[in-house]
Amino acid sequence: MVRLSKSSAKAPQSPNCTQKKAARKKGSATPKAALADVQKCKDLGIETHLQANNTRANYAGHVRRGRQWLASYFKTPAISESERGDIASDNLLIPMPSSPASFDMHSDNDAHDDPAFKDAFDRIPNRCSHKALALFMSLKGFHENLSKTTVESIRSAFKKMWDLSDGDTYRGKWHFDEARRRWEGNPADSADVYDVLSSIKHKASAEGGDRTHSMAMTKDYMDRVLRWHQAACPLEIALHMIEKTMSGAQPSDLHLDFETRKQLTQHLEQIALAASGWTLWTRCNFDRASYFEIFLSNRKGWQKKVDKGQWEVDLRSNHYKIYPRPEMLACDNFFWMLVWIKWLEFFHYGRTLHPNDFLFPVMGANSVVHPGQPISHDTVQKWINESTAGAGILGNFSTHCFRRGGAQYWFMFAPVGQRWTLAKVRWWGGWAEGEHRDTLVRYLLDELHAYETDYSDALAPISRGADVSLAGEHALARPASTEELRMVHASVAADVNCLRNDISSVNNSLHSLTNVVVQAACTTATTLQHPDSSRFSVVSDLSCTETPSPPYAPPVGGVSITAVSAQPLILSRPVASKIATSHSTHVKASSPSARITSRQLPTPGLVIPRVPVLRPNGTTNPKTKSWKDIVTHWLVGDPDQGLTTPLKDWPREWYQGANRQFASKYHQRATIALEFINQYDSNEARFLAAYPEAELGHTQLLKAVNKARTARGERVSRTK
């Protein structure tokens with residue numbers, strides 16, 4: 001039997017069929033490229049949407065600081081190629097252990113001698129990662145005495161990084177897989193890390209960690225802080241100017257000087273921020289807002305609700321409708337938010353707010369507001385410390401105080417009938433549905449817990465019954481007892497007797513004062529019957545002279561005017577009218593030469609963004625790219641940061657005259673950008689080769705460029 005070959009068994013193929021197969025093979029590379037793009041898209045999507053922007057930025061900061069700390073212990077001098085080869089050959093003779101037991105022979109003190117220790121914080125963990133993380137957490141918790149919350153956040157940051165490093169390989173308990181001869185699981189879930197974390201928690205509890213929590217910003221404190229703002233800054237000026245502008249007046253016609261605008265801006269932003277935090281129970285991290293239905297995109301816990309399939313049920317989550325509360329002026333988010341937005345639009349931007357503008361932007365040292373950069377946590381904390389100290393409020397207040405104060409008020413301190421249920425408190429604050437009520441009480445409402453378990457007044461004649469109802473509310477609604485009425489009657493009777501005594505004392509004082517006045521009047525009448533003519537002189541219209549009074553400088557149009565007045569004499573009407581006329585003439589004549597005491601306002605909407613640039617997603621461009629941002633600002637601009645016109649197109653009046661606060665920064669940016677464009681023809685490689693200082697940031701780069709320009713004779717250094 002003859003066996004046919006494969007080629008002979010196949011039927012002859014037509015040319016069209018051959019071309020189709022060739023085309024099919026030729027197109028096989030396209031799906032591979034497409035899959036690579038899909039993989040990149042998947043990685044980017046996970047990195048962007050798995051966590052909130054703030055959480056992702058905080059975790060990245062912890063990882064960066066950990067790597068910097070670890071790298072600081074392995075900064076060794078460079079070695080030659082021959083030495084590196086000798087070391088490599090020597091390493092070949094070192095027997096590498098095959099099981100974790102050999103590593104356990106070394107104590108933790110010698111862990112840093114392991115060659116793998118310097119790479120312990122890489123994205124792919126190694127056998128030293130858990131020990132390095134435990135050491136870093138110990139440094140922060142025991143040596144630097146940071147809070148247990150910060151240490152927990154450090155562990156969570158590294159845990160999340162290693163969870164996402166290689167699928168399921170580095171998830172779960174940290175262990176050595178004997179079969180695969182490799183370490184698996186997450187180093188953050190090791191026994192060493194858990195021991196350090198538990199020790200830091202015990203340390204915080206032993207030192208009274210609960211007492212270090214922020215105090216609640218109560219409604220009474222909010223009222224006191226508002227009174228301090230009103231005493232420190234004339235807020236009525238801002239309200240009056242906003243009213244005039246909304247009625248059709250131009251902001252430039254309202255005679256607002258530079259220093260007054262700076263002061264009003266600082267106080268208005270503080271008041272609006274405090275009212276928003278107290279109303280929305282936020283930690284003072286705000287995103288953009290729309291009208292008066294506010295959406296908090298970074299509200300804690302919303303991702304967990306989505307993970308549990310509550311998307312359709314919770315479509316309104318993070319959306320808050322804000323209504324006027326005129327009876328609570330200090331906490332009226334509706335009013336102060338409206339005032340703050342209008343103040344920004346009229347007196348800073350000269351336009352309406354854009355969707356990418358932050359509601360609470362940062363204000364630079366030159367009083368320029370940067371709409372694309374949010375205010376920092378440190379600035380908010382500084383404001384809280386300043387306002388509480390100015391209002392005479394003692395205690396430890398952090399950015400968490402508004403969240404606690406607002407929640408406590410609506411849960412137990414609001415008027416009877418207006419208090420919120422625990423379910424409403426949980427929803428408004430963004431807590432998880434399964435949050436235990438005792439956890440909320442200890443975490444947020446510990447004053448209520450202390451109130452209901454406080455029996456220090458157990459011997460009081462009338463018990464307040466704090467543990468019978470919510471915050472003792474039943475005591476306000478129950479009928480008064482006979483004993484209580486008797487005590488009230490005794491108290492009122494005592495007060496009435498004290499009032500009678502006070503009235504009698506006042507009557508006696510008035511009688512004595514009346515006798516003194518009558519005696520003085522009689523003495524004056526006797527003196528007037530025998531006047532001394534030598535004590536008076538004839539005063540004519542021509543002999544009246546003006547005597548200048550001490551200078552008085554009201555803020556009239558930014559000009560200091562010296563007011564004058566006559567001597568306090570009894571004058572006839574014509575003389576008085578002449579002095580008034582002369583006074584007005586003197587003022588008009590002196591006004592053109594009056595000394596200007598305040599700076600003019602800059603053109604609204606002008607801004608030169610800071611570098612490194614802080615992006616809306618919470619991330620900051622690295623310092624190594626700052627010079628690129630400067631070149632971009634010079635050539636293209638940055639609308640997200642408020643720079644709609646490139647710096648190269650700025651007219652001279654935008655950085656001179658009233659806008660001279662931009663002059664220094666403008667010329668610094670121009671120096672760097674023009675050096676790159678003109679001297680190096682926009683060649684990045686040549687520019688970086690000539691200026692390696694660019695890797696250190698724009699400040700060091702500017703110094704190097706100025707030094708080069710001085711050497712070329714293009715710049716003359718100032719003599720100091």
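Tutor: Two strands pair if DSSP finds at least two bridges between them. Keep that handy for this predicted model.

Student: OK! So how do β5 and β6 pair?

Tutor: β5 covers residues 361–363, and its pairing with β6 is antiparallel, over three bridges. In that pairing, Pro 361 sits opposite Pro 374 of β6.

Student: And what's between the two strands in that hairpin?

Tutor: Five residues lie between the strands, and in this hairpin Ser 367 has a positive phi near 70°.

Student: Is β6 mostly covered or mostly open?

Tutor: Mostly covered: β6 spans residues 369–374, and five of its six residues are buried.

Student: What about His 370, buried or exposed?

Tutor: His 370, which belongs to β6, has a relative accessible area of 2%. Buried means under 20%, so His 370 counts as buried.

Student: Which residues does His 370 touch?

Tutor: Leaving out residues up to four places away in sequence, His 370 touches Pro 361, Val 362, Gly 364, Val 607, Ile 608, Pro 609, Arg 610 and Lys 665.

Student: Switching to helices! At what angle do α12 and α16 pack?

Tutor: About 50°, and the axes of α12 (residues 258–280) and α16 (residues 401–413) are 7 Å apart. That angle makes α12 oblique to α16.

Student: Is the crossing left-handed or right-handed?

Tutor: α12 crosses α16 in the right-handed sense. On the α12 side, the contact uses Ala 274, Gly 277 and Trp 278. On the α16 side, Phe 402, Arg 403, Gly 405, Gly 406, Tyr 409 and Trp 410 take part.

Student: How many of those are nonpolar, polar or charged?

Tutor: The contact of α12 with α16 has five nonpolar residues, three polar ones and one charged one.

Student: One more helix: why is α23 called largely enclosed?

Tutor: Because seven of the ten residues of α23 (residues 626–635) are buried, the rest of the structure largely encloses this helix.

Student: Which residues of α23 are the buried ones?

Tutor: They are Ser 626, Trp 627, Asp 629, Ile 630, Val 631, His 633 and Trp 634.

Student: What do the buried residues of α23 pack against?

Tutor: Three helices: α24 (663–679), α25 (684–690) and α26 (698–711).

Student: And which residue just after α23 takes a positive phi?

Tutor: That's Gly 637, with a phi of about 95°.

Conventions:
Residues are numbered from 1 along each chain as its sequence is written. This is a predicted model: local features need pLDDT of at least 70, side-chain atom pairs count only at pLDDT 80 or more; totals for chains, interfaces and linings use all residues. Side-chain values use heavy atoms; hydrogens and water are left out. Axes are lines fitted to C-alpha atoms, for helices over the stretch in contact, and angles run from 0 to 180 degrees between N-to-C directions. Helices (H or I, at least four residues) and strands (E, at least two) are DSSP runs, numbered from the N terminus. Angles under 35 degrees count as roughly parallel, over 145 as roughly antiparallel, 65 to 115 as roughly perpendicular and the rest as oblique. A crossing is left-handed if the near helix is turned anticlockwise from the far one by less than a right angle, and right-handed if clockwise. Contact means heavy atoms within 4.5 Å. Ala, Val, Leu, Ile, Met, Phe, Trp, Tyr, Cys and Pro count as nonpolar, Asp, Glu, Lys and Arg as charged, and the others, Gly among them, as polar. Buried means under 20% relative accessible area, exposed over 50%, partly exposed in between (1.4 Å probe, protein chains only).
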